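Colleague: Could you walk me through this model, one question at a time? I would like to see how each answer is reached.

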Amino acid sequence: MAQKEQGVTGSFGTWLAGLSREELAGLLTERPEATADPEPSTLGELAERLSGPRGVMAAFAACDLPLVQFAEALAALGGTAARSDAEALLGAAPDDFARVLDALVRRGLVWPADGLLHLAEPLREWPIGDGPLGLGPSAAVLLPHLRAEDLRRIVRGLGVEPPGKRKAELLEAALAGLGDAERVRRVVAAAPQQERRLIEQAARAGRVDDYQGIYLFGQKGPYAWALARGLLVQPDWLEPLMPAEVALALRGPSYQVPFTPAAPSVGTAAAPEATVTAEFAAASARAVEQMEAVLRSCASEPPTRLKSGGLGVRELRRTAKRTGGSEDAVRLWLELAAAEALLDWRDGALVPTAEGGDPLPAERLASMVRTWAHMPRLPLLHDPDEGRGASLDTRAYDPAAPRLRAAVLGSLAGLPGGRGATGPEQLVAAVTWRSPLLFEDAELAPPYIAAVWQEAELLGVLAHGALTATGRVLAGAEAQTTLDKAAVDALEAACGRVLLQGDLTAVVPGPPAPWLAGLLDLVADRESRGTASVWRFGLASVRRALDAGRSAEGIRSDLEAAAGTDLPQPLAYLIDDVARRHGEVTVTALACAICCSRPALLAEILAHRGLRRLKLRELAPTVLASAEPVDQTLMALRAAGYVPVGAGDTGAPLIERAPARPSHRPARPSRRGRRPAGKHEASGPRTPIDLADRLHGTSPDLPAETDGVGAGMADLAPHLSVSERRMLVHAVRTGTAIGIDYVNAEGNPTTRVIEKIRLDAPFLTAWCRLRDDERVFHIGRVQAVNPAVLMT
């Protein structure tokens, strides 16, 4: 098997070496996982990455239905076939055939060589279902397991003259006979009526349904005639299998496999552009406003985590009530905030992180939409049996979610202008055509598509069944603008006017623009949401704005600009009255106090230039206030030559104990900071065309491991491929993160992302992100090595 894979890789590498720079750059654009760190240094290494099982299956998962059907037909033909044979089996129009073939070639899943079409090795055994087209394995897979006398009987039954009597010569003759469709049909036509009927039935089904009593070639039975001629093969006392060549031959020259080159239509209804644009602006403004409200709510009253993980329904409803959003909307905002690292668990509570900053509303919206498109979770998926469960549950992980969102957006992008889908149920056929490997059964698709539909509507990506500006950018259907520009346009179209009334209320007739909602939330308390939002001004709300650093003049000018008129007299009086009283009483924070019965000594300490970092202030002749905590203040005073002691709550001196000697060795420093700048890093951003320029003209053969570490790794991990060993060596040298498929001592498989790796043969000591701790891994149990970006 290893020799076979090596042969396929070599053939693929030879084809790869014949590509132009532009064609090679296009291939790298279609397969970006092949350029992950460390970059391939030769075409041979690139060929191994592109033809490896993980890379091939990742690229194949993104194929639409006609590409999958084409690959299945080629797999049924043995993985290598003439173009005319594949075209006849598919029954495709020449233009459709050429378009689908070109798409597979651009992905590196099929390549032409020696006048034949070659399918990537991992797809030849067809990892989906029972087999390609429901057929059994090819004769080249089944016959080598038979004995020489069995092959001799098959050759005699097919009427083929073998070139010799050795097993290899008999096998060659048997394969040639079964590969001749006309000969197979003639042999079956001469079979007795009962046997012919059973063989034709097995050919239509692709398998033998009733095989009881069939164990030996010489035994009499309903399938004995077919077994003696290789029309059925029974390997190692198992179920009799019909070689794929035999089934295709008996299905006849007119047999064609299903081929659907055109996407199915989607039921639509009118969706005027003005209506879509208005809803787009409203939903976008509402999304930004509610996200900010959720972040503020988590900062003031952090929700707590369940013992089983995630955020419970009770906390979710409490947060929704505080922020004024629906339960589903808050669930989505929490997931997005966690995915953007704006929220994180700390001591069992969900609190904001330092990553949030204070972005502009348009930046917030663009970031939310971008994160949503790539988030590997479906927070609004509804399970009919279990509901939606806890929010932010670490177990609710769905790596296919980005592909599903892309398929939904791609299906909507093809709708004519001014039309929108009437509902998510109308997209089932189109989505399963665009991404057929997402679901084992199309009946499972509706709840998933409905969840994505609802998420898109809440984010303003979808309105009235049609894609908005941000949705078209995500779907790649809008080349004239960017996601950031679309977000700015959406928020500028939101309502930016407020009606200020004499009863100290403010009314916004529509979804408020984020800047207006932020201003009113600062100086007033919101009372209602909906078609129109209402705020009420009060002493506490105006004081809150002054506490935030706003001045009375600034508040008045901002409100007058938003209203377009002068402030009502009651509101103006309220702002002035609160501003006049604001700051009459001050409260000062101090970290600790320095007490001494000698005022002269405290005066000396206060004037000491070496203690300026303590920011000392005199509270009384015998008391100084320090801005640093007790331990830092004690250290500073002792460094300045004084002999202070700490005191407890009662004023009694505290006894300090010497720290115990550490029982463990200090952790080694990370190697990240010592990583030398490589030539690729120094040359700026890497693009597919740059990488194609560097690789073009290199040898298509696999690289040799001549350096000491590489050769040592080859001895330690001969079961890993060359590219996997190179990635592992690169990670050991630089401390970068990689992903590994690992089998522990109990035989349980697991997937880990490890970094800061140290090699102590035959063990790897590394930091494991899954366990959040340092772990030791035996190299012999590492089954595969992958770029960490593919496993996050």
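Colleague: Which residue in β16 does Ala620 stand opposite?

Modeller: Happy to start there, and keep in mind that this is a predicted model. β15 pairs with strand β16 (residues 623–626) in the antiparallel sense, over three bridges. Within that pairing, the residue in β16 opposite Ala620 is Val623.

Colleague: Which strands stand at the edges of that sheet?

Modeller: The open sheet has three strands in the order β14-β16-β15, with antiparallel pairing. A strand with a single partner has one side left without a neighbour in the sheet, so the edge strands are β14 (592–595) and β15 (617–620).

Colleague: At about what angle to β16 does helix α29 run?

Modeller: From one strand to the next, this sheet has an average twist of 35°. Helix α29 (residues 599–607) lies across β14, β15 and β16, and its angle to β16 is about 25°.

Colleague: Now to the sheet with the order β1-β3-β2: which residue is the bridge partner of Pro112 in β3?

Modeller: That is another open sheet of three strands with antiparallel pairing. β2 and strand β3 (residues 116–119) pair over four bridges. In β3, the bridge partner of Pro112 is Leu117.

Colleague: Which helix packs on the sheet, touching β2 and β3?

Modeller: Two helices come up here. α5 lies across β1, β2 and β3, at about 105° to β3. The helix touching β2 and β3 has a direction that makes about 100° with that of β2, and this is α7 (residues 94–106).

Colleague: Which residue in the turn of the β5 and β6 hairpin has a positive phi?

Modeller: Strand β5 (residues 343–346) and strand β6 (residues 349–352) pair in the antiparallel sense over four bridges, and Asp344 stands opposite Val351 in β6. The hairpin has two residues between its strands. The one with a positive phi, about 55°, is Asp347.

Colleague: Why are the buried residues of α28 on the same side, and what arc do they cover?

Modeller: The buried residues in α28 are Leu571, Ala572, Leu574, Ile575 and Val578. As a rule, an α-helix has 3.6 residues a turn, so residues three or four places apart point the same way.

Colleague: Which exposed residues are on the face of α28 turned away from its buried side?

Modeller: The buried residues of α28 are covered by elements including β10 (499–500), α26 (539–547) and α27 (552–563). The face turned away from that buried side carries exposed residues, namely Gln569, Tyr573 and Arg580.

Notes: Residues are numbered from 1 along each chain as its sequence is written. This is a predicted model: local features need pLDDT of at least 70, side-chain atom pairs count only at pLDDT 80 or more; totals for chains, interfaces and linings use all residues. Side-chain values use heavy atoms; hydrogens and water are left out. Two strands pair if DSSP finds at least two bridges between them. Axes are lines fitted to C-alpha atoms, for helices over the stretch in contact, and angles run from 0 to 180 degrees between N-to-C directions. Contact means heavy atoms within 4.5 Å. Buried means under 20% relative accessible area, exposed over 50%, partly exposed in between (1.4 Å probe, protein chains only).
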